[in-house]
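Below is a short briefing on a structure, arranged by topic. Please read it alongside the sequence and the coordinates.

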Amino acid sequence: MNDLKPHVRAVLAVGLALFVLDVSPLVLIGQEAGALGRQTLGRPYWHVFAAYAVAWVLVFGWVISMARRLRRVEERLGKE
Amino acid sequence: MNLGRIQRGVVGLGALGIATIVVLNWMVFFWVPTESFQGVIQRIFYIHVPAWWITFLAFGIVALCGAVYLWLGDERADMAAVAAAEGGMVYCTIGLLTGPLWARVAWGAWWTWEPRLTLALLLWFIYLGYFLVRRSTANPEQGKRLVGIIGILDIPLIHVSVSWLRSLHPEAVVMRPDGPNLDSSMLWTLMVGLLAYTFIFFALFLARYAVERLERELMLRDATPAHGVNVS
């Protein structure tokens, strides 16, 4: 399991990139024209932003908690 | 399953999950049309529904593994139940937080005590209780696994609550007897979302299972008086 740590770091890096992509205001530029398509500001936009941000924060929180538990186990194994 | 195979599984499923998440993000923000009635806020659908799908899947695994543990006493089933329950709690929390963000714009209220929302919150508390009961003593007895099995009874109630009871929450648009009631592009985006979050869930589930297994092996070694010493 010692090899897992670089993988965890890689997953975190890619995830952070996805998070930035997800919550970037630029993503809504790609929507088609029209009154609703041009809707990029205001309460609906910020709620979509918050929903995707919350999801990623919670998933990464879980990943980080697992990585910390794994590090503790590895430290214990390293001492013995 | 040995740790090497688990690690390969984590990396493989994680890579698949990240690849499908990239495709999903492109579909959600660049490809799928904006819903004509609700506007941009409807895009929460593509994270809200997969979050609940994973929640039900995860708590289904908890109940199944809990039952297997009670029947056969296999520790691996209990470790899988703990890993699935933790993932289920994460996705259940996502579902409970994204719903009000959508509801505030669509309904004009963050929360209403209507049947589906109340039962969903109850599910979260049941599994919170699952962890509290498990951690309440150093030696969890079999009865504590029953909490996980009892929790599964709430899931069918959540599903049928919108059709059986008066509810503000919209009825199911995919799992209907007469087929999905959704534009094909929205249905495709939803399906990719379900696939992406399922891959991510199983990658993290396997990783959590491996960590749980290592922790229990260490606990077992600590409990053995002369571990590491060859007594013959």
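Does Thr189(B) count as buried or exposed? At 0% relative accessibility, Thr189(B) counts as buried, where buried means under 20% relative accessible area, exposed over 50% and partly exposed in between, with a 1.4 Å probe and protein chains only. This is a predicted model, in which local features need pLDDT of at least 70 and side-chain atom pairs count only at pLDDT 80 or more, while totals for chains, interfaces and linings use all residues. Residues are numbered from 1 along each chain as its sequence is written, chains are lettered from A and ligands numbered from 1 in the order in which they are written, and side-chain values use heavy atoms, with hydrogens and water left out.

**Confidence**

- The predictor gives the complex an ipTM of 0.83 and a pTM of 0.80.
- For chain B the average pLDDT (the predictor's confidence in each residue, from 0 to 100) is 82, and 79% of the residues score at least 70.
- Within chain B, helix 3 (residues 75-106) has the highest confidence, at a mean of 91, and helix 5 (residues 142-151) the lowest, at 62; helices are DSSP runs (H or I, at least four residues), numbered from the N terminus.

**Surroundings of Thr189(B)**

- Thr189(B) lies in helix 7 of chain B.
- A polar atom of its side chain is 2.7 Å from the backbone oxygen of Ser185(B).
- Leaving out residues up to four places away in sequence, Thr189(B) touches (heavy atoms within 4.5 Å) Leu24(B), Met27(B), Val28(B), Trp31(B), Val32(B) and Tyr46(B).

**Helix packing in chain B**

- Helix 3 and helix 4 of chain B pack at an angle of about 145°, with their axes 10 Å apart; axes are lines fitted to C-alpha atoms over the stretch in contact, and angles run from 0 to 180 degrees between N-to-C directions.
- Among the residues making the contact are Ala85(B) and Met89(B) of helix 3 and Trp124(B) and Tyr127(B) of helix 4.

**Tyr52(A)**

- Tyr52(A) is found in helix 2 of chain A and is buried, with a relative accessible area of 2%.
- A polar atom of the Tyr52(A) side chain lies 2.7 Å from the backbone oxygen of Arg43(B).

Conventions:
Helix = DSSP H or I, 4+ residues; strand = E, 2+ residues; numbered from the N terminus. Polar contact = N/O pair within 3.5 Å; in protein donor to acceptor, adjacent residues only side chain to side chain.
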